[in-house]
Amino acid sequence: MNIEKLTVLALADAMLASDGSMPGLTAACGRVFGMSPLWTPRICAALIERTGENFYHFSRHEIAGILLQLLGRGDGDVDDDEDDVEDDDDIAEQERLELPEVRRYCIDPPIRPPTAAWVAALALPELPTAGALAAWLDEPVGALDWFADQWRLAGDKESRLQHYHYRWVPKRSGGLRLIEIPKARLRRLQQKILRQILDLLPPHPAAHGFRRGHSCVSHAALHAGRHAVIRMDLKDFFPSIQLSRIHALFEKLDYPSKVAGTLARICVNRAPQGVFRNQQEGGSIAWAERQALKSPHLPQGSPCSPALANLCAYRLDLRLEALAHSLGATYSRYADDLAFSGDLDFARAAERFHIQVAAIALEEGFRINTRKTRLMREGTRQQLTGVVVNTHPNIARDEYDKLKATLTNCMRHGPASQNHNNHPDFRAYLAGRISFVKMVNAHRAVKLQRLLEAVEWTA
């Protein structure tokens with residue numbers, strides 16, 4: 001970055017710490033340069049006209065970019081990530097205006113814009129500084145820096161310097177999934193962020209996963225008795241949500257950039273290289289998935305990740321619901337499972353519908369796992385998240401019969417004869433499966449419960 005860009009950044013810092021008025025901006029120029037250049041009134045007036053009432057919503061890089069343009073310094077690129085700003089017709093054709101040497105830097109924080117009404121209504125904790133965040137989390141500032149520093153990585157996944165334990169588990173559809181379990185002290189911080197910030201934010205109504213009062217059954221029930229049901233799956237849902245999106249979310253909640261960045265880094269993780277060395281565990285996963293896990297992402301196993309995933313998918317849910325509504329269809333999402341259903345009009349358009357969904361998902365930073373896309377028409381089994389929805393939510397007949405046979409054989413021949421997968425607590429495993437049946441269809445679970453109670457369990 002050259003000296004001119006550093007100069008306008010120093011000027012932008014002083015301006016953002018002023019009251020944003022013409023006298024305030026003029027005085028900021030005088031403080032930075034030790035005098036007021038001749039161009040000061042003209043540039044300040046043009047800046048006010050360009051930004052209007054939204055002055056404090058611009059970042060220091062955006063203000064600096066505008067200043068570079070107004071001073072005749074090209075397109076105003078200060079940072080490669082910043083958006084270009086349109087040329088000002090009155091200033092752009094003039095010669096390059098002289099930039100004096102910086103005499104004084106502004107260390108005052110920028111004035112924050114007024115809190116939006118919807119954010120104020122949430123009554124979130126006020127955390128204006130990193131010190132306030134540390135006090136709220138009951139940790140020293142240095143400890144927060146340690147927990148938020150995801151670059152301090154050791155090669156060994158079991159190193160004491162790591163904040164997570166790692167475990168590979170097989171996916172039902174094949175392949176492996178990395179479970180990242182935060183250690184006790186970090187988990188306590190994440191749980192407080194979840195309970196006192198994230199739980200206060202409402203996800204989109206179409207989201208049924210990780211929400212109180214919602215379940216896979218409430219998700220599936222919305223699509224019962226329809227002519228056509230489409231099931232789609234988001235690929236690598238948690239790893240695809242990166243640090244920048246989490247940071248932007250906390251900034252949207254009116255937290256300063258420093259605080260938002262610390263909160264975001266506490267909630268994300270970068271898997272160390274040692275996790276992928278063993279070919280039997282993670283060494284065989286796809287390159288793209290491995291790169292996502294190596295970069296700061298939402299870890300599957302953190303208490304914050306489900307709520308953050310729902311919030312980061314809000315725009316996706318909003319757009320997919322509007323798409324479904326345009327065809328008279330219904331949309332809902334359970335974690336990474338997308339479901340759409342409708343009657344005859346939707347059934348006629350269903351063959352091409354998945355292409356539009358994939359395009360929207362890609363624009364919102366997600367990818368569709370096309371191998372798992374299913375179009376289920378009337379007359380075939382329509383099943384979502386393990387629930388059959390052809391007429392009403394129900395358990396699949398073959399699954400019910402298999403569970404009933406297992407319980408019957410447990411009663412006749414003893415439970416050890418049926419524990420083929422060596423479950424450490426086979427009784428709890430069977431009780432859990434019966435509970436799922438009860439959640440879907442309570443009437444059918446009654447007989448299964450009686451069979452379970454008739455089994456003789458040894459000590």
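Q: Which element gives the largest share of the lining of the largest pocket?
A: The strand β2 does, with four residues, where helices (H or I, at least four residues) and strands (E, at least two) are DSSP runs numbered from the N terminus. This is a predicted model, in which local features need pLDDT of at least 70 and side-chain atom pairs count only at pLDDT 80 or more, while totals for chains, interfaces and linings use all residues. Residues are numbered from 1 along each chain as its sequence is written, and side-chain values use heavy atoms, with hydrogens and water left out.

Q: Which residues of the lining lie nearest the centre of the largest pocket?
A: They are R172, S173, R177, D337 and K372, out of 47 lining residues. A residue belongs to a lining when it has an atom within 4 Å of a point of the pocket, which is an open set on a 1 Å grid over the protein atoms alone, where a 1.4 Å probe fits, with protein on both sides within 12 Å along at least five of seven lines. The volume is about 1700 Å³, taken as the space filled by probe spheres set on the points. At least two lining residues each come from β2 (176–182), β3 (228–233), α13 (287–294), β7 (383–384), α17 (397–413) and α18 (426–440).

Q: Into what classes do the residues of this lining of the largest pocket divide?
A: There are 21 nonpolar, ten polar and 16 charged residues, given that Ala, Val, Leu, Ile, Met, Phe, Trp, Tyr, Cys and Pro count as nonpolar, Asp, Glu, Lys and Arg as charged, and the others, Gly among them, as polar.

Q: At what angle do helix α8 and helix α9 pack?
A: Helix α8 (residues 141–148) and helix α9 (residues 184–196) pack at about 95°, with their axes 12 Å apart. That value makes α8 roughly perpendicular to α9, since the class covers 65 to 115 degrees. On the α8 side A143, L144 and F147 meet R185, L186 and L189 of α9, contact being heavy atoms within 4.5 Å.

Q: Why does D138 count as exposed?
A: Its relative accessibility is 62%, and exposed means over 50%, buried under 20% and partly exposed in between, with a 1.4 Å probe and protein chains only. D138 sits in the loop between α7 (130–136) and α8, and it has a positive phi of about 60° although it is not a glycine. Most residues other than glycine have a negative phi.

Q: Why does N422 count as exposed?
A: N422 has 64% relative accessibility and is therefore counted as exposed. Its place is the loop between α17 and α18, and its phi, near 55°, is again a positive value in a residue other than glycine.

Q: Why is G365 called partly exposed?
A: The relative accessible area of G365 is 39%, so the residue is classed as partly exposed. G365 lies in the loop between α16 (344–363) and β6 (374–377). Leaving aside its neighbours within four places in sequence, G365 contacts S240 and R245, and R245, 120 residues away in sequence, is 9.7 Å away from C-alpha to C-alpha.

Q: Why is α4 described as largely enclosed by the rest of the structure?
A: Nine of the eleven residues of α4 are buried, so the helix is largely enclosed; among the buried ones are H61, I63, A64 and G65. After α4 comes G72, whose phi is positive, near 80°.

Key: Axes are lines fitted to C-alpha atoms, for helices over the stretch in contact, and angles run from 0 to 180 degrees between N-to-C directions. Angles under 35 degrees count as roughly parallel, over 145 as roughly antiparallel, 65 to 115 as roughly perpendicular and the rest as oblique.
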